[in-house]
Amino acid sequence: MGVETAVGLAVGFLAAFLQSCSYVVSASYVRGSGKPAWTLLAPSFGVMGVFAAVLLPLAWPRAGSPSPDWPKLLPFAVACIVMCMAGNGAMFFLLKRVESSRASPLLALKVPILAVAGVAATGENCTAAQWAAVVLVVFSAFVLAGAGRRVTAGAWAWLVAACVAFCASDGFIAASCGACDASFGGSVGRCSFFAACAIYVAGGLLSLAALAVQGVPARHVWVRWAVPYALCWFSAMIALFACFSMCGLVLGNIVQSVRGLVSVALGWAIARAGRTSLEERVPPGVVARRAFSALLVVAAMALYAAGAQR
């Protein structure tokens, strides 16, 4: 393993940890604020827009490089952030019904959705190993669903909505990177960093419009929830893009699937600390089942990636 790959893996684990932390913050908001779940979107994405605007000059193409294809990039960036907001909104509603230690691993249901969508869009079937991985992900979801209180039909609906929205957002991320690839001479890292900043600047502008309608939240909402959530989520996205640039998309996604294990560990620690409004205390056997389910997801991701290389 080269040094660059090793650093990429470390950054990928950091992205998984930060994203898991963002779920804890959003769960705290939807369970503790008494406000509708969607009201966290505008302030948090507004803060992310500020972060992205500060970083955008650092990501700008070098002098003399071709300009990004703005007519393509801007619609893709807006579509990407709209789908990302929709996915996060669905997650907020899900976290009102399901603990973050269960919700995070369940996001692996993106895999069967992506597999079916890929077959429908391109007509190219998955390999046997990839279909086996899809079945393994579905099995892990059923194992996780039984590890605690029953997952309601409403929670399953919000989970599917979140997965579909995040799948669409991932597709628009790829399209956004493609629209500015020529400006960076094939450098995946610099291109993805610029695309990420452009996408979240667009998100910040959309948030300004939303805040004008929704109203500006009280100061304690910004301090307790909006800024911490924005820090966790935006840092996770920057780390994830860096991981992809150093490890590639396949290995990067496998590393990212570890967030399920991270969320299970965080959930156990939160419950042990007495924050039962966020995570209920469960017997060790239930924690073990959740960890086993998260490990199945990691194995499924690895199997799916191995199938793609054949």
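**Exercise 1.** Leaving aside its neighbours within four places in sequence, with which residues is Ser44 in contact?

*Solution.* The model is a predicted one, in which local features need pLDDT of at least 70, side-chain atom pairs count only at pLDDT 80 or more, and totals for chains, interfaces and linings use all residues. Residues are numbered from 1 along each chain as its sequence is written, and side-chain values use heavy atoms, with hydrogens and water left out. Begin by placing Ser44 in helix H2 (residues 41-59), where helices are DSSP runs of H or I with at least four residues, numbered from the N terminus. Next, take contact as heavy atoms within 4.5 Å; once the neighbours within four places in sequence are left aside, Ser44 is in contact with Ala226, Tyr229 and Ala230. Finally, Ser44 has a relative accessible area of 0% and is buried (under 20% relative accessible area, with a 1.4 Å probe and protein chains only).

**Exercise 2.** Identify the residues that touch the most other members of the largest nonpolar core.

*Solution.* A nonpolar core is a set of buried Ala, Val, Leu, Ile, Met, Phe, Trp, Tyr and Cys residues joined through side-chain atoms within 4.5 Å. The largest one has 76 residues, and those touching the most other members are Phe45, Met48, Met91, Leu107, Tyr200 and Trp233. Helix H9 (residues 219-247) supplies the largest share of this core, 13 residues. Beyond four places in sequence, the contacts of Trp233 include Met48, Phe166 and Tyr200.

**Exercise 3.** Find the salt bridge and state whether its partners are buried or exposed.

*Solution.* The structure holds 1 salt bridge (a side-chain nitrogen of Lys or Arg within 4 Å of a carboxyl oxygen of Asp or Glu), and it joins the side chains of Glu99 and Arg102 at 3.7 Å, N to O. Glu99 is buried at 4% relative accessibility, and Arg102 is buried at 2%.

Terms used
Buried < 20%, exposed > 50% of the residue type's maximum accessible area, 1.4 Å probe, protein only. Helix = DSSP H or I, 4+ residues; strand = E, 2+ residues; numbered from the N terminus.
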